[in-house]
Amino acid sequence: MLCTLHYISYTLYNWGTNMHFLSLLNYKCELENEVRSRSESEFTEVLETADTVFDDSIRLYNLGIDNLLNCLTENIMTKVKYISKQYKRDRWHIMDSLIDENKYSITDSGWVMYETFTENLNTLNKSLPTSLFNKCWPILATKMSTFLFNEVLLANMFNRGGAQHFLCDVRYKLLPIFSKYTAKPSIYIERLLEACRVLNFEPNFKPVILKRNEVSEILLRRIEHGNALELG
């Protein structure tokens with residue numbers, strides 16, 4: 001049904017700019033305005049300012065397409081959420097820290113979830129026309145990002161290792177999924193990436209104790225090193 005609606009909308013759009021149908025539109029306007037004769041220049045002006053003949057119909061078809069795309073993406077996310085139960089409940093608060101990201105492997109509990117998401121996305125890519133798929137995958141990217149942000153990141157406590165693993169899952173598993181379709185996949189999951197960076201932020205400040213009369217030195221050290229200082 002989705003492809004059928006898209007085909008009809010596409011066909012009507014092409015027909016709508018055809019001179020034959022524009023002429024019919026002009027004639028219809030003349031009848032509605034009870035104008036029985038027009039000069040050649042007036043006729044040309046009507047054609048130049050007219051929208052496509054089937055704008056109202058196209059608008060309704062596109063509304064139906066958007067609704068079906070939303071249902072389709074929600075169906076995929078329902079599958080992903082069902083499979084993600086173990087991933088959401090993983091022990092993020094007691095995971096071992098990563099010593100070398102180059103030796104990183106995806107979190108065991110998330111493997112099936114990410115693979116399910118990838119397979120469904122690939123199926124859509126093969127089944128839908130390019131123009132429809134290009135509308136569909138950004139919707140899925142946003143929904144997936146929101147799901148991980150709300151159901152995993154905000155719903156759990158993370159130690160250093162858990163934060164590193166989650167960031168690597170997003171960076172090395174989720175981003176490559178969308179990099180097939182865009183040169184800048186991070187745009188579509190920007191909030192999730194930023195939250196992961198904040199989660200992994202480790203301030204490296206060392207308190208420095210100085211005497212009260214060493215104000216200039218305090219200011220200098222703050223400027224040069226950004227240290228948190230304590231007055232003795």
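**Close-up views of the predicted model**

**View 1. Glutamine 164 and the backbone of leucine 98.** A polar atom of the glutamine 164 side chain lies 2.6 Å from the backbone nitrogen of leucine 98. The model shown in this and every following view is predicted. Glutamine 164 belongs to helix α8. Its relative accessibility is 14%, so glutamine 164 counts as buried, the limit being under 20%. With neighbours within four places in sequence left aside, glutamine 164 is in contact with Ser97, Leu98 and Asn200.

**View 2. Histidine 165 and its surroundings.** Histidine 165 is likewise found in helix α8. Histidine 165 has a relative accessible area of 16% and is buried. Residues up to four places away in sequence not being counted, histidine 165 touches Trp92, Met95, Asp96, Leu98, Tyr104 and Thr107. A further pair to locate in this view is histidine 165 and glutamate 101, which are 64 residues apart along the chain. The C-alpha atoms of these two residues are separated by 9.3 Å.

**View 3. Phenylalanine 166 and the largest nonpolar core.** Not counting residues up to four places away in sequence, phenylalanine 166 touches Tyr87, Trp92, Leu148, Val152, Leu153, Phe158, Leu192 and Cys196. The largest nonpolar core has 43 residues, and those that touch the most other members are Phe117, Met144, Leu148, Phe166, Leu174, Phe178 and Leu192. At least two residues of this core come from each of α4 (55-83), α6 (111-127), α7, α8 (160-179) and α9. The helix that gives the most is α7, with 12 residues. In soluble globular proteins, nonpolar side chains tend to be buried together.

**View 4. Packing of helix α7 against helix α9.** Helix α7 spans residues 130-153 and helix α9 spans residues 190-199; the two pack at an angle of about 35°, and their axes are 8 Å apart. On the α7 side, the contact is made by Ser145, Thr146, Leu148, Phe149, Asn150 and Leu153. On the α9 side, Arg191, Leu192, Ala195 and Cys196 take part. By residue class, the contact of α7 with α9 comprises six nonpolar, three polar and one charged residue.

View 5. With a relative accessibility of 4%, phenylalanine 147 counts as buried. Neighbours within four places in sequence aside, phenylalanine 147 is in contact with Met77, Lys81, Ser84, Lys88, Met113 and Val152. Valine 80 and phenylalanine 147 are 67 residues apart along the chain, and their C-alpha atoms are separated by 9.7 Å.

**View 6. Salt bridge between lysine 143 and glutamate 74.** A search of the whole structure finds three salt bridges. In the one shown here, the side chains of lysine 143 and glutamate 74 meet at 2.6 Å, N to O. Because lysine 143 lies in helix α7 and glutamate 74 in helix α4, the pair ties together parts that are 69 residues apart in sequence. Glutamate 74 has 33% relative accessibility and counts as partly exposed.

**View 7. Salt bridge between glutamate 115 and lysine 173.** The side chains of glutamate 115 and lysine 173 meet in a salt bridge at 2.7 Å, N to O. This pair links distant parts of the chain, with glutamate 115 in helix α6 and lysine 173 in helix α8, 58 residues apart. Glutamate 115 is partly exposed, its relative accessible area being 23%, whereas lysine 173, at 16%, is buried.

View 8. Arginine 197 and glutamate 194 form a salt bridge through their side chains at 3.2 Å, N to O. Both residues lie in helix α9, three residues apart, which is about one turn of the helix. Arginine 197 counts as partly exposed at 43% relative accessibility, and glutamate 194 is partly exposed with a relative accessible area of 44%.

**View 9. The chain as context for the close-ups.** The protein chain has 10 helices and two strands. From the N terminus on, its elements follow the order α-α-α-α-α-α-α-α-α-β-α-β. Of its 232 residues, 36% count as buried. Among the contacts in the chain with a separation of 6 or more, 71% are accounted for by residues 24 or more positions apart.

Technical notes: Residues numbered from 1 in each chain as written. Predicted model: local features only at pLDDT ≥ 70, side-chain atom pairs only at ≥ 80, totals over all residues. Heavy atoms only, no water. Axes fitted to C-alpha atoms, helices over the stretch in contact; angles between N-to-C directions. Helix = DSSP H or I, 4+ residues; strand = E, 2+ residues; numbered from the N terminus. Contact = heavy atoms within 4.5 Å. Nonpolar A, V, L, I, M, F, W, Y, C, P; charged D, E, K, R; others polar. Core = buried A, V, L, I, M, F, W, Y, C linked by side-chain atoms within 4.5 Å. Buried < 20%, exposed > 50% of the residue type's maximum accessible area, 1.4 Å probe, protein only. Salt bridge = Lys/Arg side-chain N within 4 Å of Asp/Glu carboxyl O. Polar contact = N/O pair within 3.5 Å; in protein donor to acceptor, adjacent residues only side chain to side chain.
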